[in-house]
Amino acid sequence: MRILKFGGTSVASSENIRLVVDILRSKSAKGPVIAVVSALGGVTDLLQRAGEKANAREENYMDLWESISRRHLETAAELNLSEEAIAYVNEGLSELQKIYQGIFLINEFSDKTRDKVLGFGELLSSFIIAEYAKQEIASVARVDSRDLIITDNSYTCAQVDPELTGNTIREYFAESKSALTIAPGFISRSADGETTTLGRGGSDYTAAIFAAALRAEALEIWTDVSGMFTANPKLVKQAFPLEEISYHEAMELSHFGAKVLYPPTIRPVLDKNIPILIKNTFKPDAPGTLINNDGDPEKGAVKGISHLPDISLLTLEGTWMVGIPGSSKRLFEALSGEKINVILITQASSEHSICIAVQSADAERAAEAINAEFAYENSLGKIDKASIENNQAIIAVIGDNMKSQPGTSGKMFSILGKNNVNIRAIAQGASERNISAVIDARDVKKALNTLHYRFFERQVRSLNLFIVGVGNVGKRLLDQIRQQQKHLYDHLYLKVRVVGLSNSRKMVFDEHGLDLGDWQNLLENGEPKDTGEWFNTIRELNLQNSIFIDITANSGVAGTYADYLRENISIIACNKIACSSEYNNYSELKRLARKYNSSFLFETNVGAGLPVINTLNNLINSGDSITSIQAVLSGSLNFVFNNFDENSTFFDVVKQAREEGYTEPDPRIDLSGVDVARKILILARESGHEIDMEDIENVSFLPKASLEADTVDDFYETLRSEAGHFDTIYREATEKGNRLKYVAEFNEGKASVGLQQVAPDHPFYNLDGKDNIVLFYTDRYVDQPLIIKGAGAGAEVTASGLFGDIISLGKK
């Protein structure tokens, strides 16, 4: 004998019912089968709502009854049921209508009436399915489960009489000769003949009762997923079905939100050691999940990660509780009196406080019950009133073998902490089968994905990028990411996704990653740019390993960095404004990055793609100390002065540099020395010195007219009119055999930038094109400096530097 249960989604339509009967035909050909069926998908909720509306004297309750009627009659017609069968369905619907009318008239929807109403869903579906099965299978019977399952009068969640129920089921099936018996789930009958129900989701329980009573070969639960998953696949895309788990693991997962099973289901079959198989009605050939006594101990300590939403955390605390026996007893008796279920309990060893987790719907009643119980102690100031924290959730890591593998809880809390998921309460039983934690509800998705990554996945780390700025550098970065995505996944176990993209006009998001082959079209058709909405969307997505990348020169964007860091969102900045702003702001950003376990990287602020800042950080972190820095830090200015000669004008060279992307759109930023001053400022700060922009001596080579130009066009015009000034600078250098270089220096706490003549024996003399060079003199590099040299400007190498920071974060 095999027992098969089909849930609401499996029998939601005539098409689905045909699939169910195909499965039953195949199964019943191999031996007797009992099929327990739920109501048509969504009907139980409609039955409940109609009853509530009738009780509230809302006359549109009849609209819901008509919807219920239409749903069943259309399904029966689509299955080509006989006129007699459709007449029977109509009789049942008419009886239901009379009950609703009675509820409306007497304004009463008690638990007893509720059970009678809700039971119609399974009664009607089981009849329709049985009548259709008779057309397809030779030997089919339908039995009313109320004639077999006997309970007490605890309406809406009746308690089964196991001995009487077992005997009744065995007596019935000892006489039955049918190959297939179809029975409604969920419903039962009290000893005095009243309809009762086994609780929401009780169809699983009905099937388990049949299986236990008949010592069935197996209990099969057919649903719309291919087994019990390692996590909720709607929230964790990488979740996968478990091949085999134990009864205890399944009970824990069911309790903590895995809706494939109704929690009490497992107890009857566990006692009889009957295996349960979770199968997919729509993929019947998929293996599903086998639930048995032993599970699969070879598949690791953690078997699943689950969660309970809509949780509130209540805390009772006060000095009076310390060392006073019975306070916990009084608390739980007060809650029991209000029929409030306590989901999680934790108490500090100091006995100063007790925390409990309850369903949010029960939170206010729970607090009132607790405060009433301890009103006297509260009036004396010995104990505080119960506090409520709403918008919480419980996450749980589950597995039989966690007790034999030390460190599971350490891994769990460590990875949550690294992703800035704050834990409000923790509970772990001595069996170590379940480690539970209360967290903020908005962190659930991030927490589940983080834990799943830690315990189940090949250690592929997902990086979720939000990029502002798609100019020359941004375009090349997106192209580099697109080209390297497969390589990063295959070789570095990094899954890099661009989730958000923005320019000054538009923004676009895709939680699963934008198509980088079509990003320009997606962005053009995106939403209007709104800085506040951009940030709020990133925060609400709350994805693990979120990285904000600023490829602008916008001070407003730089001013938002602190907001991102506080949300545990790392920052990669090409924009130099934040790191060269007031020292207090720079220092605060570094502090926030440490506090919220996020990263603040800005390698491209100095030297584009050259590893200047990374090298400097390694020197400092290894215990070295910087004594002085000499550098050519502007690829733009180096390009200008390397190409400026007697055969060209200064105007032409600057214009060429701008056209080739070596200068900012406003070249005054480069030629004024401000950009170089920012860079030496950043290096000085990273060396450990407290210094601001006004502390840097900036000796400008530009004439007064250029410095006072109001617009970019006016500035270019001064380069023409002051050509003699620039020719003189060049001539004076060449007459001495020197070359012009714009040099930044930091020595003994002082910094300066300015145009210098460099002799042939100086390391800067042969610096060509747009190259940068940095000389670090340290306690270790005394006579010969540590030299970093290479291309220091250009969109491609700058994008490469940003990409390097992304990979660095991925490997962190």
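In this predicted model, strands β22 and β23 (residues 570-573) pair in the parallel sense over 4 bridges. Strand β22 covers residues 546-550 and is mostly covered, with 5 of its 5 residues buried.

**Pairing of β22**

- On the β23 side, Asp 550 has Ala 573 as its bridge partner.
- Strand β22 also runs parallel to β18 (residues 461-468), and 5 bridges join these two strands.

**Side-chain directions in β22**

- Ser 546, Phe 548 and Asp 550 point one way from the strand.
- Ile 547 and Ile 549 point the other way.
- Residues on both sides are buried: Ser 546, Phe 548 and Asp 550 as well as Ile 547 and Ile 549.

- Ser 687 counts as buried because its relative accessibility is 11%, and the cut-off for buried is under 20%.
- A polar atom of the Ser 687 side chain lies 2.7 Å from the backbone oxygen of Leu 683.
- Leaving aside neighbours within four places in sequence, Ser 687 is in contact with Leu 616, Ile 620, Ile 626 and Ile 629.

Methods: Residues numbered from 1 in each chain as written. Predicted model: local features only at pLDDT ≥ 70, side-chain atom pairs only at ≥ 80, totals over all residues. Heavy atoms only, no water. Buried < 20%, exposed > 50% of the residue type's maximum accessible area, 1.4 Å probe, protein only. Pairing = 2+ DSSP bridges. Polar contact = N/O pair within 3.5 Å; in protein donor to acceptor, adjacent residues only side chain to side chain. Contact = heavy atoms within 4.5 Å.
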